[in-house]
Amino acid sequence: MTERPHISDNLINAFQAWEAYLKSGKYPGPERVTLGSLESNCATGKYNRECVIHDEGDINLGQILDAAFSGLTMIQRVCVRVHVLFSWCSPLTGLSCDWSREREKEANKTGLTPETYEENLISAIAELERACG
């Protein structure tokens, strides 16, 4: 296959929420800062200007995706982690790539053949799309 597996905008939003959920620590929830306090804290250096305020919906979507991810096979989980969280051309970056070359690099990271990697990645994406539908 010469085209990278398609991921809908809805699933990309879910992946972003999932990434925020994974980084939110032991007790995930919406950030407890207001825009005013964020501005003043940015000025003092407590928060950087790239700080994102996640609302309740983002965290819930992240939890939904996390639960769906847990239902995947181990091989599917590895493929999703490599492609979404650890790849330089992750769908989260919006970068395009030569998929046939990148598929080989990502497959090497998983220890699978490129064909097996892609089959598992496509089936995992389909499962996650259904869950976040």
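Predicted model: local features only at pLDDT ≥ 70, side-chain atom pairs only at ≥ 80, totals over all residues.

Visitor: What is the mean pLDDT of the protein, and where is confidence lowest and highest?

Guide: The mean pLDDT is 79, and 73% of the residues reach 70 or more. Confidence is lowest in helix 2 (residues 35-44), with a mean of 48, and highest in helix 6, with 96. Residues 29-39 have pLDDT below 50, and the model gives this stretch 15 contacts beyond near neighbours in sequence.

Visitor: How many helices and strands does the protein have?

Guide: The protein has six helices and zero strands. Both are DSSP runs numbered from the N terminus: helices are H or I with at least four residues, strands are E with at least two. Along the sequence the pattern reads α-α-α-α-α-α.

Visitor: Why is phenylalanine 15 called buried?

Guide: Buried means under 20% relative accessible area, exposed means over 50%, and partly exposed lies in between (1.4 Å probe, protein chains only). Phenylalanine 15 has a relative accessible area of 1%, so it is buried. This residue is in helix 1 and touches Ile7, Leu65, Val80, Val84, Leu92 and Leu128, not counting residues up to four places away in sequence. Its C-alpha atom is separated by 8.9 Å from that of proline 91, 76 residues apart along the chain.

Visitor: Is alanine 20 buried or exposed, and why?

Guide: Alanine 20 has a relative accessible area of 12%, and therefore counts as buried. Alanine 20 is also found in helix 1, which covers residues 9-23. Of the 133 residues of the protein, 37% count as buried.

Visitor: What makes alanine 131 partly exposed?

Guide: The relative accessibility of alanine 131 is 38%, so the residue counts as partly exposed. Alanine 131 belongs to helix 6 (residues 114-132). Leaving out residues up to four places away in sequence, it touches Ile64 and Ala68.

Visitor: Which label goes to arginine 81, and why?

Guide: Arginine 81 is partly exposed, because its relative accessible area is 30%. Arginine 81 sits in helix 4 (residues 74-86) and touches Phe69 and Phe86, again not counting residues up to four places away in sequence.

Visitor: Why are helix 4 and helix 6 called roughly perpendicular?

Guide: Two packed helices are described by the angle between their axes and the distance between the axes. Axes are lines fitted to C-alpha atoms, for helices over the stretch in contact, and angles run from 0 to 180 degrees between N-to-C directions. Angles under 35 degrees count as roughly parallel, over 145 as roughly antiparallel, 65 to 115 as roughly perpendicular and the rest as oblique. Helix 4 and helix 6 pack at about 90 degrees, with axes 8 Å apart, and are therefore roughly perpendicular. Among the residues that meet are Ile75, Cys79 and Val80 in helix 4 and Tyr117, Leu121 and Leu128 in helix 6. By class, this contact of helix 4 with helix 6 has eight nonpolar, four polar and no charged residues. Ala, Val, Leu, Ile, Met, Phe, Trp, Tyr, Cys and Pro count as nonpolar, Asp, Glu, Lys and Arg as charged, and the others, Gly among them, as polar.

Visitor: How do you know that helix 5 and helix 6 are roughly perpendicular?

Guide: Helix 5 (residues 99-110) packs with helix 6 at an angle of about 90 degrees, the axes being 8 Å apart. The two helices are therefore roughly perpendicular to each other. The contact includes Trp99, Arg103 and Glu104 of helix 5 and Pro114, Glu115 and Tyr117 of helix 6. By class, the contact of helix 5 with helix 6 has five nonpolar, one polar and five charged residues.

Visitor: How many disulfides are there?

Guide: A disulfide is a pair of cysteine sulfur atoms within 2.5 Å, and by this rule the count is zero. Cysteine 79 is buried, because its relative accessible area is 0%. Cysteine 132 has 11% relative accessibility, so it counts as buried.

Methods
Residues numbered from 1 in each chain as written. Heavy atoms only, no water. Contact = heavy atoms within 4.5 Å. pLDDT = per-residue confidence, 0-100.
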